[in-house]
Amino acid sequence: GVPLAHLTERQHFLGLELLAGPDALIPRKETEILGRAVLGKIKSLAAERGQVRVMDLCTGSGNLALAYANQEPTVRVHGSDISGDAITLAKRNATHTGLHERVDFSQGDMFAPFENGDLRQWDILSCNPPYVATTKVPKMHHEISGFEPAMAFNGGHFGISIVTTLIRNAPRFLKPFSWLAFEIGLGQGDFHVKQLRKNGAFCDIESHTDAAGNIRAILARSRPDVSPKE
């Protein structure tokens, strides 16, 4: 039942070979849906703005942050995670991939490492948050629940607590007409799309689906007329 990535200590993700282990979530194919969607926005913004700044929350092993930097030379990525073990692995991956000069990682809960910086200075905010309901975490397949950190999956009572925090705080950090992007669990897509459409801070809501037509990633663009809330 031990995950193959733990035995080999390697996992491939969007063209990168990454170090893997029990300290962080194993990068999965589903997350490549989010990664490809964000890379499309990064390339467009790079052509328009030059250098692109990306904040990657719940960065885990650093897979998304490093994939962005690997495929777009103008991007600078800052990742954060509440887990010190995950951040240690992410830093090892930055060195392993040779991307440590354009990607850095900090330990902290969600936005905490960025609170002392300038607001509305980020071009993209990406996140692969925990989105499994608390009661369902122990019932997950043993290969997952028995070997990977529970905090990487536990999204609160209904599985939406972290995403709710993400959406509420993102407008304080995003530049006008910049992008919030996050992964979601099966069956959560319609709810989050509706909530974002009601939210006056965002426009141009996009849904990105898997091969079966399930929404697995959502992107939303920040409006220019929303003032950051202190």
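The model is predicted, so local features need pLDDT of at least 70 and side-chain atom pairs count only at pLDDT 80 or more, while totals for chains, interfaces and linings use all residues. Residues are numbered from 1 along each chain as its sequence is written, and side-chain values use heavy atoms, with hydrogens and water left out.

An open sheet is formed by 7 strands, in the order β5-β4-β3-β6-β7-β9-β8, with mixed pairing. Helices (H or I, at least four residues) and strands (E, at least two) are DSSP runs numbered from the N terminus, and two strands pair if DSSP finds at least two bridges between them. At the edges are β5 (103-107) and β8 (202-209), each of which pairs on one side only. From one strand to the next, the twist averages 15°; axes are lines fitted to C-alpha atoms, for helices over the stretch in contact, and angles run from 0 to 180 degrees between N-to-C directions.

Strand β3 (residues 52-57) is parallel to strand β4 (residues 75-81), with 5 bridges between them, and Val52 stands opposite Val75 of β4. Helix α4 (residues 84-97) packs on the sheet, where it touches β4 and β5, and its direction makes about 170° with that of β5. Contact here means heavy atoms within 4.5 Å. Helix α7 (residues 189-198) also packs on the sheet, touching β7 (174-183), β8 and β9 (215-222), and its direction makes about 10° with that of β9. Strands β8 and β9 run antiparallel, joined by 6 bridges; Phe202 has Ser222 in β9 as its bridge partner. These two strands form a hairpin with 5 residues between them, and Gly213 in the turn has a positive phi of about 90°.

Next comes the surface. Val2, Leu4 and Leu7 form a nonpolar patch there, with about 310 Å² of accessible area together. Patches are made of residues with over 30% relative accessible area and no salt bridge, like charges being joined within 9 Å and nonpolar side chains (Val, Leu, Ile, Met, Phe, Trp, Tyr) within 5 Å. Accessible areas come from the Shrake-Rupley method with a 1.4 Å probe, and for residues only the protein chains shown count as cover. Val2 is found in the segment before α1 (4-8). Val2 counts as partly exposed because its relative accessibility is 38%; buried means under 20% relative accessible area, exposed over 50%, and partly exposed in between (1.4 Å probe, protein chains only).

Finally, the whole structure holds 12 salt bridges, each a side-chain nitrogen of Lys or Arg within 4 Å of a carboxyl oxygen of Asp or Glu. One of them links Arg172 and Glu115, with the closest N and O atoms 2.8 Å apart. Arg172 lies in the loop between α6 (161-169) and β7 and Glu115 in the loop between β5 and β6 (122-127), so this pair ties together parts that are 57 residues apart in sequence. Arg172 is buried, at 12% relative accessible area, whereas Glu115 is partly exposed, at 35%.

Another salt bridge joins the side chains of Lys175 and Asp123 (3.1 Å, N to O). Because Lys175 lies in strand β7 and Asp123 in strand β6, the pair ties together parts that are 52 residues apart in sequence. Asp123 is buried, with a relative accessible area of 0%. Salt bridges that share partners join Glu48, Arg49, Asp123 and Lys175 into one network.
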